[in-house]
Amino acid sequence: MTDLSKYRNIGIFAHVDAGKTTTTERILKLTGKIHKIGEVHEGESTMDFMVQEAERGITIQSAATTCFWKDHRFNVIDTPGHVDFTIEVYRSLKVLDGGIGVFCGSGGVEPQSETNWRYANDSKVSRLIYVNKLDRIGADFYRVVKQVEEVLGAKPLVMALPIGYEDTFVGVIDLLTRKAWIWDDSGDPLKYTIEDVPADMTEKVEEWREKLIETAVEQDDEAMEMYLGGEEPSLETLKACIRKGTIAMDFFPTYPGSSFKNKGVQLILDGVVDYLPNPTEVRPQPETDIEGNELGTVAKVDPNYPLRALVFKIMDDRFGALNFVRIYSGKLKKGDTLLNTFTGKTERVGRMVEMHANDRTEIETAQAGDIVALIGLKNVQTGHTLADPDKPATLEPMVFPDPVISIAIAPKNKGAAEKLGVALNKMVQEDPSFRVETDQETNETILKGMGELHLDIKVDILRRTHGIEVDVGKPQVAYRESITKVIEDSYTHKKQSGGSGQYGKIDYTMEPNEPGVGFTFQSVVVGGNVPREFWPAIEKGFRDSMGKGVLAGYPVEDVKVTLRDGGFHAVDSSAIAFEIAAKGGYRQTMAKAGPQILEPIMKVDVFVPDAHVGDTIGDLNRRRAMIKSQDTAPIGARIKAEAPLSEMFGYIGDLRTMTSGRGQFSMEFSHYAPCPKNVADQVIKEAAERKKALDDAR
């Protein structure tokens, strides 16, 4: 049986261009998994195996691999940094036990770093911090350490110090052992010497070593007493304290290095072994029933426990769908029959493989703690639980954000319509943040996603991977509607046409809800004027109506309906009669309740050279942005703002023009807010024109 104490399920995550994939390549080289290092900027990295990834030099989907270091097995997942693909980070973190947060030595804590850090906090993932690219101009290890404290509110535990900076960066000093690791200029990660601390750094090393020990011994009363008594705890005791604090997320061991120059990566691998948890040391996943109610039991990380596995990613390749699963408990064998607790149907494991990016090794068995890919499953989606059919239970499902942008597409070749449907179905299964709908009125295919780049990549995958050329419409904003007034109203649905009739009367209040809450319904009826069995039908009538607003037909957000009173007929009242009454009431009242158009507001984070700050702020103001903060950094300025999505289309092109290609930005959804009147009028006008064009076409 496998020794789970020697397992590490880890992810590598960071802001775009901080060096995650390059770091992963170095880990694979050092652990003997690959013999030639592939560079991201040359489009040859092992983990970025999609054509689109190689071309753009970014990671789009998380990739998994297995490697070994000092008798320990690492299941490594390299995740994307771009904000449009954070869903990949979120679902990878969900199944990991530990992580390495990579930060750029000159860029520091960048926008996407914050989002990923928040996701990791939510998923309670212990982390190491790796400050990369210390060979770059403007790199400053100590500044990044300070930013981690101030921006992320985290406590970095500095484990090593850099020797030199920028082009003089030659190695690192391990604070625990007081030894300097110095690499030569050959670029070979194995060509290094271990020496004494350089004389000019002795004081600094002692100062930071003292901070390290003081923080570590807080984890153990005995070690603390020993230290306060003037006796330094042993290396083993210190490592045990650091491990305990890391797993508890009290602090995060922090290392300097340069992955591209192959300096410092060994210490991180040792840190993964020494300080990150094995699968038995993390909080076990709670088990729920199919409705999501906790059962009070957990998926114990034990091969002898009933099987529980979570599907966290689906990838389509030439052999069929690969379902990546994290096995939380039990054993899994090729040919086993499993229960998908979401669908209630059984699935048979045709083949089981261990992944190395897009290469695979066939395996016969896997057990609790493993991350493997299953082939041959039929009706499985991301977030589904696969369980022992005799002892079923569900693991906590994943929640995915709603898309904020959409485009209409149509195949250039009319004969490709069926092929397009099959391709889109596969893509939706792979990416839960990507939605496809058919507009019932226009019969257009609508793609919905998290940003322009997200949808751009999807269209590119359709063209290259599936060989389907499509015409693409201009991006559309996912507007919403809401109300501004409290209205008390009444509606009676009465229909008599031979035989039994229909009767339902409702008295209700419609009012604005708290922003972001959505639609809520409550009944305060007493005395049985509207029998309790009809309340769900009334709620359904209102809820179904919220899908279409009265101004421009967009979905309605943040409305509260309270049923106060009403009336019923002993013979003619029915659930359907009350549902129709609710729908009639909605149409009647929405128009009176001060309806308004809401637009998605994005959090925008822009980094520009100092010379272009004025132009950038002026341009953001023209886009109706609210500037929230402006911070200066050594090589530029960082501007945080909130801006309407509708004004941000094509922003990356304009920013690059304005800053001679040196500006960067990231953007993620923040909230919905009311539109200015002129914008709302235009949205309503366009909706009316679309409706007229449809009516004329009919």
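Okay, hi everyone. Let me start with a rule: rings of Phe, Tyr and Trp (its six-membered ring) pair if their centres lie within 6.5 Å, and planes under 30 degrees apart count as stacked, over 60 as edge-to-face and the rest as tilted. By that rule, the count here comes to 11 aromatic pairs. Let me pick one of them: Tyr142 and Trp208, a tilted pair with 5.5 Å from centre to centre and 40° between the planes. Tyr142 belongs to helix α5 and Trp208 to helix α6 (residues 202-217), so this pair ties together parts that are 66 residues apart in sequence. Tyr142 and Trp208 are both buried, and buried means under 20% relative accessible area, with exposed over 50% and partly exposed in between (1.4 Å probe, protein chains only).

Quick housekeeping. What you see is a predicted model, where local features need pLDDT of at least 70 and side-chain atom pairs count only at pLDDT 80 or more, while totals for chains, interfaces and linings use all residues. Residues are numbered from 1 along each chain as its sequence is written, and side-chain values use heavy atoms, with hydrogens and water left out.

Helix α5 covers residues 141-152, which is 12 residues. From its first C-alpha to its last it reaches 16 Å, close to the 16 Å expected at 1.5 Å a residue. The expected span, by the way, is 1.5 Å times one less than the number of residues. Which residues of α5 are buried? They are Phe141, Tyr142, Arg143, Val144, Val145, Gln147, Val148 and Leu152.

Now look at the two ends. Asp140 caps the N-terminal end of α5, with a side-chain oxygen 3.1 Å from the backbone nitrogen of Tyr142. After α5 comes Gly153, whose phi is positive, near 65°.

Keep going and you reach Ala154, in the loop between α5 and β6 (156-158). Is Ala154 buried or exposed? At 10% relative accessibility, Ala154 counts as buried. Leaving aside neighbours within four places in sequence, Ala154 is in contact with Trp117, Val148, Glu149 and Phe252, where contact means heavy atoms within 4.5 Å. Take Phe252: Ala154 and Phe252 are 98 residues apart in sequence, and 7.7 Å apart in space, C-alpha to C-alpha.

Phe252 and Trp117 turn up again, by the way. Together with Phe103, they form one aromatic cluster. Trp117 also has Arg127 lying over its face, at 4.2 Å from the ring centre. For a charge to sit over a ring, NZ of Lys or CZ of Arg has to be within 6 Å of the ring centre and within 35 degrees of the ring normal. You can find another case at Phe434, where Lys458 lies over the face at 5.3 Å from the ring centre.

Back to the other helix, α6. Its 16 residues should span 22 Å at 1.5 Å a residue, and the end C-alpha atoms are 22 Å apart, which agrees. The buried residues in α6 include Trp208, Leu212 and Ile213. What do the buried residues of α6 pack against? They pack against α5, β6, β7 (160-163), β8 (171-174), α7 (221-228) and α8 (235-247).

Next, strand β5, residues 126-132. Here 7 of the 7 residues are buried, so β5 is largely enclosed by the rest of the structure. In a regular strand the side chains alternate between the two faces of the sheet. In β5, Ser126, Leu128, Tyr130 and Asn132 point one way, and Arg127, Ile129 and Val131 the other.

And the partners of β5? Two strands pair if DSSP finds at least two bridges between them. Strand β4 (residues 98-104) pairs with β5 in the parallel sense over 7 bridges, and Gly98 stands opposite Ser126. Strand β11 (residues 252-256) also runs parallel to β5, joined to it by 3 bridges, with Tyr130 opposite Tyr255.

For contrast, there's an open sheet of 3 strands in the order β13-β12-β24, and the pairing there is antiparallel. Its edge strands are β13 (294-299) and β24 (394-395), each pairing on one side only.

Technical notes. Helices (H or I, at least four residues) and strands (E, at least two) are DSSP runs, numbered from the N terminus. A polar contact is a pair of N or O atoms within 3.5 Å; within protein, one must be able to donate a hydrogen and the other to accept it, and residues adjacent in sequence count only if both atoms are side-chain atoms.
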